[in-house]
Amino acid sequence: MASRDSIANTLRVSFMVCLVCAIVVSTAAVSLREAQQQNRLQFRQTNILQVAGIYEPGMDLSAAFERVERRFVEFESGNYVDMPDDYDPVRAARDPEMGRTLERDPAGIRRQPKVGEVFLVRDEADEVSRIILPVHGYGLWSTMYGFLALEPDANTVAGISFYEHGETPGLGGDIEKPRWQQLWEGKRLYDEDGEVAIRVVKGAVPEDAPNREHRVDGLTGATITSEGVSQLVRFWVGERAFGPYLDRVRKENQPDGNSDG
Ligand SMILES: Cc1cc2nc3c(=O)[nH]c(=O)nc-3n(C[C@H](O)[C@H](O)[C@H](O)COP(=O)(O)O)c2cc1C
């Protein structure tokens with residue numbers, strides 16, 4: 001009988017321990033995958049309801065989300081298009097056919113999908129009460145992911161939120177603080193000529209600034225993150241992203257436009 005301390009026995013025992021651990025870890029990874037996906041979905045739904053201003057702690061998320069319609073928008077035309085339910089714009093951006101490389105890239109995202117998603121929140125009368133756009137772009141250290149909520153006029157900001165970023169807590173990380181996010185409410189994205197006019201400035205917007213409705217205070221000590229948010233919002237509401245779509249919605253909202261949303 002081989003000695004318990006022999007090299008062969010040591011290797012055999014090590015191998016068995018590794019095998020058992022590998023089985024435990026891979027079983028856990030596979031069995032938890034669905035729960036993780038479910039958590040991710042709920043986290044996203046919570047963020048969308050929060051930025052829409054209808055989230056309450058403990059609410060039934062899937063029931064509340066029935067008021068939210070997910071639509072797909074072709075950026076170039078601004079028209080709605082049909083896509084499969086599992087369409088993922090982030091993955092599409094990386095695809096050679098479904099995405100494109102940005103030569104001018106103010107948001108620091110390198111590639112963008114040709115088709116994006118919007119979330120339309122409906123009120124009790126089934127009218128669209130919020131248009132929610134997913135937005136992302138680079139700050140100082142990280143890509144910041146968030147949502148921009150607009151009033152049905154497709155111009156007035158109803159809210160902004162960031163749910164994922166790696167900016168410094170207390171500096172750029174304050175983009176996730178309600179105190180700063182509230183400064184966006186009521187600001188207007190476009191000027192009278194339909195040009196993107198919204199901008200985050202360094203420091204506070206002067207009381208007498210003529211364009212106050214298009215200006216948001218920058219975060220103190222975090223000008224680079226603030227400028228990153230400014231650039232990413234301007235990019236996503238601009239002509240290469242949701243601009244043509246929002247332009248169409250604004251025109252349809254005018255008294256002589258039709259309003260099929
Ligand atoms: C440890 C450390 C972390 C920082 N984190 C951020 C940050 O998250 N966002 C940011 O814009 N600036 C950050 N800064 C500051 C920038 O380097 C830069 O000084 C600042 O953006 C300039 O803004 P200000 O002109 O408002 O001071 C950090 C600086 C240090 C030393």
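Strands in these legends are DSSP runs of E at least two residues long, helices are runs of H or I at least four residues long, and both are numbered from the N terminus. The model is predicted.

**Figure 1. Alanine 154 sits in a loop with a positive phi.** Let's start in the loop between β7 (143-150) and β8 (157-164), where you'll find alanine 154. Most residues other than glycine have a negative phi. Alanine 154 isn't a glycine, yet its phi is positive, at about 60°. Is this residue buried or exposed? Alanine 154 counts as buried, because 22 other C-beta atoms lie within 10 Å and the cut-off for buried is 20 or more.

**Figure 2. Arginine 110 also has a positive phi.** Here phi comes out at about 65°, and once again the residue is not a glycine. Look for arginine 110 in the loop that runs between β3 (99-101) and β4 (111-113). How many C-beta neighbours does arginine 110 have inside 10 Å? There are 13, so arginine 110 is classed as partly exposed.

**Figure 3. Valine 201 belongs to strand β9.** This strand covers residues 199-201. Around valine 201 there are 18 other C-beta atoms within 10 Å, which means that valine 201 is partly exposed. Which residues does valine 201 touch, if you skip its neighbours within four places in sequence? Its contacts are then Arg215, Asp217 and Gly218. Now find glycine 228: from valine 201 to glycine 228 is 27 residues in sequence, and their C-alpha atoms are 11 Å apart in space.

**Figure 4. Helix α6 has buried residues along one face.** The helix takes in residues 243-253, and its buried residues are Gly243, Tyr245, Leu246 and Val249. Why do they line one face of the helix? Seen down the axis of α6, they fall within an arc of 165°, so they end up along one face. An α-helix has 3.6 residues a turn, so residues three or four places apart point the same way. Strand β1 (68-74) is part of what covers the buried residues of α6.

**Figure 5. Eleven-residue surroundings of the ligand, by name.** What surrounds the ligand? The list is Leu140, Glu167, Thr168, Leu171, Gly172, Thr220, Gly221, Ala222, Thr223, Ile224 and Thr225. Sort this shell by class and you get six polar, four nonpolar and one charged residue.

**Figure 6. Domain 1 meets domain 2.** The protein is split into domain 1, residues 1-55, and domain 2, residues 67-253. Where they meet, seven residues of domain 1 are in contact with twelve of domain 2. On the domain 1 side, four of the touching residues are nonpolar, three are polar and none is charged. The centres of the two domains, taken over C-alpha atoms, are 36 Å apart.

**Figure 7. Stepping back to the protein as a whole.** You can trace six helices and ten strands here. The radius of gyration is 23 Å, well over the 18 Å that the globule rule gives for 261 residues, so the protein is more spread out than a compact globule. Along its principal axes, the C-alpha trace spans about 95 × 40 × 40 Å. Of the 261 residues, 29% count as buried. Of the contacts with a separation of 6 or more, 53% link residues 24 or more positions apart.

Methods
Residues numbered from 1 in each chain as written. Predicted model: local features only at pLDDT ≥ 70, side-chain atom pairs only at ≥ 80, totals over all residues. Domains from an automatic or database assignment. Contact = placed C-beta atoms within 7 Å. Nonpolar A, V, L, I, M, F, W, Y, C, P; charged D, E, K, R; others polar. Rg over C-alpha atoms; globule rule 2.2 N^0.38 Å. Buried ≥ 20, exposed ≤ 12 C-beta atoms within 10 Å, placed from the backbone. Near = placed C-beta within 6 Å. Arc of directions from axis to C-beta.
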